[in-house]
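Dear colleague,

I am handing over the structure below for your records.

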Protein chains: 2
Amino acid sequence: MTTTQTYRILEADDIAAYLRERGHADGGDLTVREVSDGNMNRVFIATGPTLGLAVKQALPWVRVAGPSWPMSPSRADAEARAYAQVAAVAPDTIPAILGYDAANYALTMEDMSDLRVLRTVLNEGGSYGDTSRHVGAFVAALSFATSDFGMPSADRKALIAASVSPELCKITEDVVLSEPYIEHEHNHWHPALNDLAAAFRADPVLRTEVADLRHTFMTGAQALLHGDLHTGSIMVGDREGAPVVRVFDPEFSFVGPIGFDLGLYWGNALVSAVRARTLGLDGDHAEQLALSWQAFETEFRRLWPTRVDTFFDDAYLDRFLRRVWSDSLGFAGAEIVRRIIGFAHLTDLTTLPDPGPASREALLLGRALIVNRAELAGPEDVRALLEKK
Amino acid sequence: MTTTQTYRILEADDIAAYLRERGHADGGDLTVREVSDGNMNRVFIATGPTLGLAVKQALPWVRVAGPSWPMSPSRADAEARAYAQVAAVAPDTIPAILGYDAANYALTMEDMSDLRVLRTVLNEGGSYGDTSRHVGAFVAALSFATSDFGMPSADRKALIAASVSPELCKITEDVVLSEPYIEHEHNHWHPALNDLAAAFRADPVLRTEVADLRHTFMTGAQALLHGDLHTGSIMVGDREGAPVVRVFDPEFSFVGPIGFDLGLYWGNALVSAVRARTLGLDGDHAEQLALSWQAFETEFRRLWPTRVDTFFDDAYLDRFLRRVWSDSLGFAGAEIVRRIIGFAHLTDLTTLPDPGPASREALLLGRALIVNRAELAGPEDVRALLEKK
């Protein structure tokens, strides 16, 4: 934060002038409204006769908490960096970015207020449509381009150095990858899960496997990640009759293990499948892990011949993808567990008439994914686990 | 290199004034001689009635090649950073550092001209003495202190960012971890090895395993490494009747997989054992892998209760050490292979009356270590491989 002196907190009344100043709008009238929704940042939508834009600004604190919970606004740098990497290789998987104003930690981007958050759509009984194929391709494009396969060695080192994100990584290390397995004031759960929550805290096998995933998260510098790729970080909708999917909010981005991105999505997709089954809904929720993995693998293999470092051979690719697969399963399990007995819960389960039984099924599935991740050979094995209940 | 304007190349005639200016010497007479020995840097020894010091300066090029081969002198920053980390936890394993002058990329340090390079001692038929225990303890102290076990998460991220070392890592990625397995102008070998060199280049199993080690080197950000821990980076001797060991030259230091440091030492120790056997010498060369591993493991386990992050439990420590063990074996094998059919060879073998047979034994040992590293359970298994020839 060496730019504090020029950093100004934007209010709705400032946005029209700000957009003109940045060259994103001409002199025409703009209507601006604040639509801040996530916990961290402010978002404004500006619309005019020929224009629709969003401005997202990171504040030097957590938005919903205020200045008493300071948080470096450099998370916006991480977000802009991730968007820039994806824009170069798969621009249609993310919102269009018109510009990043580093001095004010503000992104000017596509207005997505006509789209809806995937989790909300699912909770209302909607379907995934083509989302999982899109997510798999997004992860493949971002991770290949920023791995030692897609990026020259020296550029990679510069990316690793630029993208370290101590504050946001620490949140994940704590909230996702340790607190649910120890006594912690953040943890809470449905009373029907008292026995399982206690059992998980006393489970030496589970603890060691989670420690292994946690260390992989801390040390496995494979590729630039989105870092928070749950179903609340994806917008879906239709434009002129065509489906539109946008992965957004990559402010937790850093160079880490690829399986963390796939795993977060899978954890959320599997919980949505448990919800759908509990409600007796039709739909292909249980197929989303397979669809996103296939899309990821297909795209990664399609990109492989373009790798900058041909010492890595095809046999190594097979081994590498196998490693990504098992890491992803482990992180999926950790995501499920922390979303049920940790700090932040999933509306997929909390809005069920009786969250207890479905939460129990999901928790046990999460544990099985973590503990058995090396033995689960493919999506069909996960499907079998899910169906066993 | 933002400090170019103040960066001055020191000559022998400058050293006395330089040491006074830096506060390392008073007005007394100093005798200065240049003793530059490695490929990269200049070293001067200054001695006076009450003083003996060394000044090591990194030039903006490779010393033995001259300005036509530019090389960032920031490798001296890496060296100073590594020394500072070790000095805080195991100062007696490295030379005493009196100061680092970042503007001139110059370290002022203990005069070690009374000590001798371990490789030279061994090649002359000398013994390891207590060196391997010392090396194991050095690796444990440095790696524990700079891992996520010994250092808080945010400090670790800062260390990772500060210690990226694109130029020097690229040398290792190329010279150690790919060139020996492909056609490359750097490669050369004894004519008696023509068949094996060709076989190694056409060996798909070996290639994939080396690719795996290479990717681990590029992405496994476990701890700050020495980065070039062969028997030429260790000085040994006696002072007042007590043995003295100093690990030096950590200019290849960066945050990488711990097994790379142990593996380089093991590769060199195993080759010294092949040499000793070839010459029919007595001695405990073949025991050095076991001695350094035991010292490493003992020290790492001794430090474990001091870890800053107790989510990592004892069962995870066992798994982690098992991973370091197998990584180390793989890197040991890669070090052996590259030192026989790659760019830079070992005098341990080249000075033998007939280097052919011993080089062949060592090459096959190297391959076995790489390919079977996951199955070799402990030092006794490596000893058996070594004795099988």
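A salt bridge is here a side-chain nitrogen of Lys or Arg within 4 Å of a carboxyl oxygen of Asp or Glu. By that rule, eight salt bridges cross the interface of chain B and chain A. One of them joins the side chains of D309(A) and R214(B), with 2.8 Å from N to O. Please bear in mind that the model is predicted.

**The interface between the chains**

The contact involves 42 residues of chain B and 42 residues of chain A. Between them the two chains bury about 3400 Å², and 60% of this lies on carbon and sulfur atoms. On the side of chain B, the residues that lose the most area to chain A are K157(B), H215(B) and F311(B), which together account for 22% of what that side buries.

Polar contacts link 20 residue pairs between chain B and chain A, both residues being at pLDDT 80 or more. Four elements of chain B give two or more residues to the side that touches chain A: α5 (153–163), α6 (166–176), α8 (204–219) and α11 (314–341). Of these, α8(B) gives the most, with eleven residues. By class, this side of chain B comprises 20 nonpolar, nine polar and 13 charged residues.

**The symmetry**

Chain B is superposed on chain A by a rotation of 180° with 0.0 Å of shift along its axis, at an RMSD of 0.0 Å. This is the relation of a two-fold axis. Within chain B, the C-alpha nearest the axis belongs to A161(B), at 2.0 Å from it. Both copies use the same surface, since 100% of the contact residues of chain B recur in chain A.

**The domains of chain A**

The domain assignment divides chain A into domain 1 (12–110) and domain 2 (116–387). Their C-alpha centres lie 26 Å apart. In chain A, 21 residues of domain 1 are in contact with 23 residues of domain 2. The area buried between these domains is about 1900 Å², with carbon and sulfur atoms giving 62%. R81(A), Q85(A) and T93(A) supply 27% of the area that domain 1 buries against domain 2, more than any other three residues.

Four salt bridges are counted between the two domains of chain A. Separately, K56(A) forms a salt bridge with D249(A), their closest N and O atoms being 2.1 Å apart. Helix α2 (residues 75–89) of chain A gives the most to the side of domain 1 that touches domain 2, with nine residues.

With kind regards

Methods. Residues numbered from 1 in each chain as written. Chains lettered and ligands numbered in written order. Predicted model: local features only at pLDDT ≥ 70, side-chain atom pairs only at ≥ 80, totals over all residues. Heavy atoms only, no water. Contact = heavy atoms within 4.5 Å. Buried area = accessible area lost by both parts, 1.4 Å probe. Polar contact = N/O pair within 3.5 Å; in protein donor to acceptor, adjacent residues only side chain to side chain. Nonpolar A, V, L, I, M, F, W, Y, C, P; charged D, E, K, R; others polar. Least-squares fit on C-alpha atoms with pLDDT ≥ 70 in both. Domains from an automatic or database assignment.
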